[in-house]
Amino acid sequence: MSDFRDPELDDLMQGDPELLRIARMLASSKSPQAPLDDAFRARLRRQLMDQAWDTVEGKRPWWSGFMAPQRVAWVGAAAVLVIAATVVYTVTQPVAPSTTTFLQISSPLADQQDVASVQAIPVKFNVPMDHPSTEAAVQVTPATAVAFSWSGDQLLYVTPKSGDLAPNTQYQVTIGPGAKAQNGTANSKPQTLTFVTASTPTPSPSASPTPSPSTPATTLTGERQLTTDYPTSDVNYPVAWSADSRTVYFVGPSPRGLESVSLSDGSKNTIVPDGVSIPTASPVFNRLAYVRNGEIEILDLATGRTAQIATSVAPTALAWVRQQLYWGSALGIFRAGVGEQTRVLTLPDPNDSVVSIAPDGNHALLANGQALAILDLSTQATSNVGQAGDSFVAWSPDGTRLVLQSGIYDSTGHQVSGIPPGDVSWSRSNEILIGSDTGIFEQAADGSGYTELEQGTFRSPAWAPDGSTFVFVRGSSLWVATAPSAGKPSSGHELALQVVSDFMQARLKGQDQRAASFLDAKGQAAYATGSPALIPQGSPGLRRWYRVMSEVNPVDQSVRVVVRLIFASGGVERSSTEETLTLVRAQATDPYLIDNATAGPQLQFGKGPQVIFVKLSPAKVAVLFDSDLLPTSVGSVTLQDDQGKPVAAKVDYSDRIVTLSNLQLVPGAHYRLVVLPGLQDVGNHNVAAEYDVDFVGPSASDPIAAQQVQFPGGPAGRPTSGPFRTPSASAPPA
Amino acid sequence: MDSSRDEEKRLIERAKRDPREFGALYDRHFQQIYRFVYSRVREQTAAEDVTSEVFIKALRAMPRYQDTGRPFAAWLYQIAVNAIADRYRTLRPTHALEDFHDLSVGGPAIEEEAAQRDEIRRIWRLVEELPLQQRTALVLKFQEDMKIEDIAVAMGKTPGAVKLLIHRGVSRLREEAEELRPAE
């Protein structure tokens, strides 16, 4: 008996030696191979595959006919006859050259979703194949002109003659019934491989309303402690900077004097000995206002002289509007003039208090219990803003945007975007620092470029006037560091495409709330009808999407993006629909939101060539198809103006791309690309129905167009010399 | 997770998406299921019938198959156990056990080996007299070399219940063996 140990047995038998002995004896008797008829094994496999094929084809299950009671007797009799006939036939026939009964094919590309475009399609057979009949039986959908090469007799490479595969396309390679094995066995059922080629590239910047940071990068420089004499209480006022970004002013711990510290030599000075609150620097950083003993003092930083403004009630907020000081108190909002003070308004409600005044002097933030409201100083109208229990974080430097803990709002109280939690500093160049107990992050005001600069404690960051230096609080110390210079800002077109990408990913994942966060009120209304559906339901289900076309309207700077949604069931892509999304933003520091969405008709796959991508430039429109086309039919790709009249163009065709050139598209004018049903692929399939895409004449300054975005695998993306390359699959033999 | 399990998961996902991919799972598991079924029914035609039923049922149920982290084979065994139980609900196999179990244990001297072989034969004969649930649990554990968790899946029981079945079964074998043991 083998002396093996099985921990489970020890546990089961609870250490009883006699039980263990019996258990080990049972385990030591090996099961020999049961008598097996190989023909049964193969027959059962074939039966299973027939059933599987019928299921995929949507036929009735093979057994369903047998379930009818009245048929059982007939079926039984028929089965006996068939078996008898089979036995007689088998006995009387000479032995076949091969016992293989069922052709199988496989490929490393089978069922893959992100197959490289520059690719040969390897097809592996389970038996040696007859080359001519097998090649003749190969069908590729979408219609593609292909060449063949063999590695031995069981591995066939199917190579597109154009040199690559179309992007974003589901390919089906079928070995039809005509294929024969070398032993003469004919393929009884078509065998199909299915795979999907990789997507078109998308721009990289992130403009997500709730972004995820890019990879942490330790890119801060000059991080050092300025002073340990910083208050730890929860009443910390923002620091103030000198104009040269070399001196920081702050309110120290009790007795809360106004202190300064030099970044140059670390020297510290006490400017005002005690009782200081709300220090506020003027826009050109030459004067500093603060409240002391219930009155306002204004310190001239150059001369050190101080001026007082007497107030009967202690101010709760100070703000410099250009060179004029505003303040708010329980009596209202006031403005300082030369030797006088003017009440701008009284507060609408005696329970209101002024939290902050916008740097443009047009609005103020009021608190009333748990509620916040924006007060328009000219109309005295108020608008509720934020959520219950929200709190003020910052204003944008131009005063048009208000940052609360819950997000960024415009002056009407409408939320423009979300913002990650933390303390915020908004620079004049619209770069935002977000500090927290876990790290310091930087992003553009529109939400793009969200980057973690450093991990650690970075509370209350405050940009210096130079836009790169900032101070922050760590414990009871004030620190300084320099942020890396922001990269090249993304274009509006790129940002809009990123919003579309994030929006579509949320829909793919069924995240309805996140998807809705990319819609403005009109966008939400567009999806509220259910056509298009925000989260498509049912079968076939939404599997993936890709961008067919995008453009910036040079007139209003809105961005139109045509996306194609692909629906699949049973692992096979069945159909697609297109949506045209229009994205807008109120001002350049806002993120784009989807303002409108319209759905196009549903398209079935395998019904003729389809447009994959449309590239626009003022002089040229290029249209990429999924199929190789009959060059004589490409005149069916036409352009119309807004009156429906044809636009003269030179039409060229090469490798699935139809190019309309010699155009003089007027920026902002409306055009329509029309693909007529006369267009044929190399398999002589016509376009299933007329296909239209509307667009406006692009501007030459659009960076997306200016980049000359290449079709993936398009002419510029292909190797211009050397052998045909297969970067991600095994290479065909030379 | 080992690469074999990864490969199995991949095959399962493919078969769930497209039933035509079920062939790879069939190829992978046919032998062990057929052997198990044969060991229970001990007749080739019956084993073929039951094995066919197992795989046809599995193919039909593939879209609803949920990967619980247990081997796919455990699910096939479950179908097989049920199919065998349905077929032989009132019958007991009648073929001699020594016809099936390979008793060629290696190692000890010839006389000792012969005695051991006799005892194993006797024990397995006793296994066939056990109640169905105990018998199935013992066969899956000792003949099919399955883990308790996988047997639990195959039998639709908790691992604790399977442990109890095996412990009771082996205890019963000890009692029966004592009774059959000739006096020294």
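A:Ser245 is partly exposed, with 18 other C-beta atoms within 10 Å. (A residue is buried if 20 or more other C-beta atoms lie within 10 Å of its own, exposed if 12 or fewer, and partly exposed in between, the C-beta atoms being placed from the backbone.) The backbone of A:Ser245 also deserves a look: phi is near 60°, a positive value in a residue other than glycine. A:Ser245 sits in the loop between strand E9 (240-241) and strand E10 of chain A. (Helices, which are DSSP runs of H or I with at least four residues, and strands, which are runs of E with at least two, are numbered from the N terminus.)

The structure is a predicted model, in which local features need pLDDT of at least 70 and side-chain atom pairs count only at pLDDT 80 or more, while totals for chains, interfaces and linings use all residues. Residues are numbered from 1 along each chain as its sequence is written, and chains are lettered from A and ligands numbered from 1 in the order in which they are written.

Chain A contains 10 helices and 46 strands. Of its 734 residues, 37% are buried. Contacts within chain A can also be sorted by separation in sequence: among those between residues at least 6 apart, 56% join residues at least 24 apart. (Two residues are in contact if their C-beta atoms, placed from the backbone, lie within 7 Å.)

A:Phe285 has a positive phi, near 60°, and is a residue other than glycine. A:Phe285 lies in the loop between strand E13 (276-281) and strand E14 (287-292) of chain A, and with 19 C-beta neighbours inside 10 Å it counts as partly exposed. Cis peptide bonds come next. The bond from A:Ser254 to A:Pro255 is cis, with omega near 15°, and A:Pro255 belongs to the loop between strand E10 (247-251) and strand E11 (258-262) of chain A. A cis peptide bond also joins A:Ser531 and A:Pro532, where omega is about 5°. A:Pro532 is in the loop between helix H9 (521-528) and strand E36 (541-552) of chain A.

Chain B is built from eight helices and zero strands. Read from the N terminus on, its elements run α-α-α-α-α-α-α-α. Buried residues account for 39% of the 184 residues in chain B. Among contacts in chain B between residues at least 6 apart in sequence, 63% join residues at least 24 apart.

The packing of chain B can be followed helix by helix. The axes of helix H1 (residues 3-17) and H2(B) come within 8 Å and cross at roughly 135°. That makes H1(B) oblique to H2(B). (Axes are lines fitted to C-alpha atoms, for helices over the stretch in contact, and angles run from 0 to 180 degrees between N-to-C directions; angles under 35 degrees count as roughly parallel, over 145 as roughly antiparallel, 65 to 115 as roughly perpendicular and the rest as oblique.) At this contact, B:Leu11, B:Ile12 and B:Ala15 in H1(B) meet B:Phe22, B:Ala24 and B:Leu25 in H2(B). By class, the contact has six nonpolar, no polar and no charged residues. (Ala, Val, Leu, Ile, Met, Phe, Trp, Tyr, Cys and Pro count as nonpolar, Asp, Glu, Lys and Arg as charged, and the others, Gly among them, as polar.)

The axes of helix H2 (residues 22-41) and helix H3 (residues 44-61) of chain B come within 9 Å and cross at roughly 140°, which makes H2(B) oblique to H3(B). Helix H3(B) has 18 residues and reaches 25 Å from its first C-alpha to its last, close to the 26 Å expected at 1.5 Å a residue. (The expected span of a helix is 1.5 Å times one less than its number of residues.) Among the buried residues of H3(B) are B:Glu48, B:Val54 and B:Leu59.

Finally, the two chains touch: 35 residues of chain A are in contact with 42 residues of chain B. Helix H1 (7-12), helix H2 (17-28) and helix H3 (38-57) of chain A each supply at least two residues of the side of chain A that touches chain B. H3(A) gives the most to that side, with 11 residues. Sorted by class, the side of chain A that touches chain B has 20 nonpolar, nine polar and six charged residues.
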